[in-house]
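I am opening a notebook on a structure that is new to me, and I want to record what I look up in the order in which I look it up.

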Amino acid sequence: MTPRDAIQQIRTAMNAAVIGQEVVVERLLVALLANGHVLMEGLPGVAKTRSIKTLSTLIKSDFGRVQFTPDLLPSDVTGSDIYREQTSTFDFQPGPIFGNIVLADEINRAPAKVQAALLEAMEERQVTVAGTTHKLPDLFLVLATQNPIEQEGTYPLPEAQMDRFLVYVQVPYPPADQELSILRLVRSERIGSNGHPPEPVTQETIFAARSEVNAVHVAEPAEQYMVDLVIASREPSRYGEELASMIQIGASPRATIAIDAAARALAWLRGNDFVSPEDIQAVAPACLAHRVHLSYEAEAAGKSREDIVTAILERVAVVS
């Protein structure tokens with residue numbers, strides 16, 4: 001089985017298990033292939049956790065889960081040194097962050113010091129405890145969820161820390177015509193009649209797929225188009241006063257890097273060996289939405305981050 005066939009197998013199995021969320025599944029696979037982390041936001045019950053757990057079962061990997069709560073400590077995430085009385089030494093006990101696929105559930109429920117411990121591990125791909133550095137696994141993917149409602153007792157992620165996530169995925173309600181399929185799927189799972197999942201894909205196959213993604217060609221006009229989109233978020237006045245009034249702070253250079261990585265992953269998923277403007281436009285909302293800071297005027301007008309990215313895409317011309 002080729003790496004592309006293996007990833008398509010994962011995609012098919014996820015779409016069968018997470019009905020009506022094809023775009024969410026695609027963006028999770030893009031993050032996996034681009035070696036980046038995912039911030040998922042959606043109302044309760046829209047299969048955020050289910051999609052992440054399903055992905056972990058389809059790959060030969062260690063799954064780690066952290067349920068973020070206000071009383072959580074950084075060591076509950078990273079691990080800590082345990083004193084062994086028999087040997088009079090300290091042994092490091094790894095925390096759940098040392099899994100290959102880590103679910104940070106309701107990340108905005110924990111205080112800033114815990115969020116910082118997680119995000120430092122995401123950025124540096126290592127954890128330092130008592131002066132000793134411990135490397136995280138080569139396959140390391142954090143999928144954090146947060147609930148947009150019930151804001152009491154939450155600690156919203158600072159904008160600078162949201163920048164650490166490759167993509168932001170908003171999980172909507174599934175289409176009404178698929179609600180019955182969801183009901184029947186859950187019922188069949190309860191009685192054990194939904195068949196057997198495919199054989200999990202090895203980590204070596206994931207790494208081979210990433211190598212092929214890295215080889216996807218990006219022409220200079222496509223590169224310039226990515227840069228123009230990001231610059232438009234920083235200098236919106238070049239594209240009209242209306243856009244300028246909606247953006248307070250634009251995206252960082254991480255956004256350009258994220259669009260490049262995600263567009264190559266999506267092009268590969270679509271069976272292409274080069275990045276097209278359509279690939280860039282498809283991933284731009286996921287790579288830019290959490291990196292663009294809205295102005296008070298935009299918030300007062302009820303504009304969302306996705307609305308602003310859409311406005312940028314409408315105004316920035318494709319470089320030919």
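**Entry 1: contacts and overall form**

I began with the contacts of this predicted model, and I noted that, among contacts with a separation of 6 or more, residues 24 or more positions apart account for 76%. I then counted the secondary structure elements and found 14 helices and 11 strands in the protein. The radius of gyration came out at 21 Å, close to the 20 Å that the globule rule gives for 320 residues, so I wrote the protein down as being as compact as a globular protein of that length. Along the principal axes, the C-alpha trace spans about 70 × 45 × 40 Å.

For the surface, I looked up how many of the 320 residues count as buried, and the share is 48%. The protein exposes about 15200 Å², of which carbon and sulfur atoms supply 51%. I also looked up the charges, where there are 27 positive and 41 negative ones, and their mean positions lie 4 Å apart.

Which way do the residues of E5 point? Ile101, Leu103 and Asp105 point one way, whereas Val102 and Ala104 point the other way, and all of them are buried.

Which strands pair with E5? Strand E2, residues 63–67, runs parallel to E5 and is joined to it by five bridges, and within this pairing Arg65 stands opposite Leu103. Strand E8, residues 141–146, also pairs with E5 in the parallel sense, over four bridges, and here Ile101 has Leu141 of E8 as its bridge partner.

**Entry 2: Val142 in strand E8**

I stayed with strand E8 in order to look at Val142, which is found in it. Is Val142 buried or exposed? Its relative accessibility is 0%, and because buried means under 20%, Val142 counts as buried. Leaving aside neighbours within four places in sequence, I listed its contacts as His37, Val38, Ile97, Val102, Leu118 and Met122; one of these, Val102, I had already met as a buried residue of E5. I also checked Val142 against Ala263, and the two are 121 residues apart in sequence and 20 Å apart in space, C-alpha to C-alpha.

**Entry 3: strands E1 and E9**

Strand E9, residues 167–171, has four of its five residues buried, so I noted it as largely enclosed by the rest of the structure. Strand E1, residues 38–42, pairs with E9 in the parallel sense over five bridges, and Gly42 has Val171 of E9 as its bridge partner.

**Entry 4: positive phi values**

Ala47 has a positive phi of about 80° although it is not a glycine, and I located it in the loop between E1 and helix H3 (48–57). With a relative accessible area of 22%, Ala47 is partly exposed.

Arg125 also has a positive phi, of about 60°, and it is not a glycine either. Its place is in the loop between helix H5 (112–124) and strand E6 (126–129), and at 23% relative accessibility I recorded Arg125 as partly exposed.

**Entry 5: the hairpin of E6 and E7**

I followed the chain into E6, which pairs with strand E7, residues 132–135, in the antiparallel sense over four bridges. Gln126 stands opposite Lys135 in E7. Two residues lie between the strands of this hairpin, where Ala130 takes a positive phi near 55°.

Not counting residues up to four places away in sequence, His134 touches Phe92, Phe98, Gln126, Val127 and Val129. His134 and Leu73 are 61 residues apart in sequence, and their C-alpha atoms are 18 Å apart in space.

How values were computed: Residues are numbered from 1 along each chain as its sequence is written. This is a predicted model: local features need pLDDT of at least 70, side-chain atom pairs count only at pLDDT 80 or more; totals for chains, interfaces and linings use all residues. Side-chain values use heavy atoms; hydrogens and water are left out. The radius of gyration is taken over C-alpha atoms; the globule rule is 2.2 Å times the number of residues to the power 0.38. Buried means under 20% relative accessible area, exposed over 50%, partly exposed in between (1.4 Å probe, protein chains only). Contact means heavy atoms within 4.5 Å. Accessible areas come from the Shrake-Rupley method with a 1.4 Å probe; for residues, only the protein chains shown count as cover. Lys and Arg count as positive and Asp and Glu as negative; His and the chain ends are not counted. The place of a charge is taken as NZ of Lys, CZ of Arg, CG of Asp or CD of Glu. Two strands pair if DSSP finds at least two bridges between them.
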